[in-house]
Amino acid sequence: MRSYLQFCRIEKGLSINSLEAYRRDLSRFGQFLAGTRVESVNIQTLRGYVDRLQASAMSSRSIARHITAIRGFYGFLVEEEVVAANPADLLNLPALGEKLPKYLSERRVDDLLSAPGDKKATGVRDRAMLDVLYASGTRVSELISLRLADYDEKAGTLRITGKGNKQRIVPVGRQAIASLSRYLSSERLRLLKGRTSPYLFVTAQGGAMTRQGFWKLLRIHGKTAGIYQHLSPHVLRHSFATHLLEGGADLRSVQAMLGHSDIGTTQSYTHVLRSRLEQTVAKHHPRAARRSRGAGSKEN
């Protein structure tokens, strides 16, 4: 299993978070095997394991992730000629249903972006981080990994390094550029107190912003804005994509900016397109327009 995780890190370029999830899932599977050699595992063994996961009231999505991890592990064993076939190929993934991404309204986003204030250096930094997150749709891991060299002020773009070390160039818009300019012109130096750092966003101790640190400040500013539930860095990412589509952006452009390798992942946002299509039909289609004026209206 350690060899497989090393393979995932080096060859597949999985993120730290994905590797940690795989490690947890495979560790749990190893405990279930309790000394049984991987070569002797068959479909009955695997179905017994899935039954145990279901009995523990684990969600369908978590079970699906476990099965995916096991499939990958045994696929690796086939490549390494440890086993002749992958028994996990015979496992069926549980039905997941459609999970629509949560997002904030534009008014709620405005409230959140205004929450940090500008009286403190940390407030100016936080406003810049929130503006960049909403303007570019980055993941929080991508946001805190940004370096000074990744920001091109003249072009108004960020070079973002995503999953598998794939890079993409994303425009950030006037508001985020203005927030970054204010932060970089004085407040970043004030936070560093004479120290140096290659990272774009730094803490009051002079180090790079962390995931935990950003989550904490996001919760604080969310409460200031009156947002107490369903607030996370990913919600801002979803809001970015949703508002782009509502504004008329095409799905391929949103896919490129989000850094999705598969268009299918981006299609989770098509609920927005369906909603806009229904509104368009209701407003512009002659039959729909007649109905909207009331069932009692007469045609000429």
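Buried means under 20% relative accessible area, exposed means over 50%, and partly exposed lies in between (1.4 Å probe, protein chains only).

This is a predicted model, with residues numbered from 1 along each chain as its sequence is written. Local features need pLDDT of at least 70, side-chain atom pairs count only at pLDDT 80 or more, totals for chains, interfaces and linings use all residues, and side-chain values use heavy atoms, with hydrogens and water left out.

Figure 1. Helices (H or I, at least four residues) and strands (E, at least two) are DSSP runs, numbered from the N terminus. Of the 300 residues in the protein, 40% are buried. Contact means heavy atoms within 4.5 Å. Take the contacts between residues at least 6 apart in sequence: 57% of them join residues at least 24 apart.

**Figure 2. Helix 4 covers residues 60-79.** The expected span of a helix is 1.5 Å times one less than its number of residues. Helix 4 has 20 residues, and 28 Å is expected. From first C-alpha to last, helix 4 reaches 29 Å, close to that value. Its buried residues include Ile63, His66, Phe73 and Tyr74. The buried residues of helix 4 pack against helix 1 (2-10), helix 2 (16-33) and helix 3 (43-55). Glu81 follows helix 4 and has a positive phi, near 60°.

**Figure 3. Helix 8 (residues 173-192) has a kink centred on Leu184.** The kink is about 50°. The bend at a residue is the angle between axes fitted to the seven residues ending there and the seven starting there. The end C-alpha atoms of helix 8 are 26 Å apart, which agrees with the 28 Å that its 20 residues should span at 1.5 Å a residue. Among its buried residues are Ala176, Tyr183, Glu187 and Arg188. Their cover includes helix 6 (121-136) and strand 1 (151-152). Lys193 follows helix 8, with a positive phi near 55°.

**Figure 4. The second largest pocket holds about 260 Å³ of space.** Of its 15 lining residues, Asp131, Tyr134, Ala135, Val172 and Gln175 are the closest to its centre. Helix 5 (106-114), helix 6, helix 8 and helix 10 (233-246) each give two or more residues to the lining. Helix 8 gives the largest share, four residues. A pocket is an open set of points on a 1 Å grid over the protein atoms alone, where a 1.4 Å probe fits, with protein on both sides within 12 Å along at least five of seven lines; lining residues have an atom within 4 Å of a point. Grid points are joined across faces, edges and corners, and a volume is the space filled by probe spheres set on the points.
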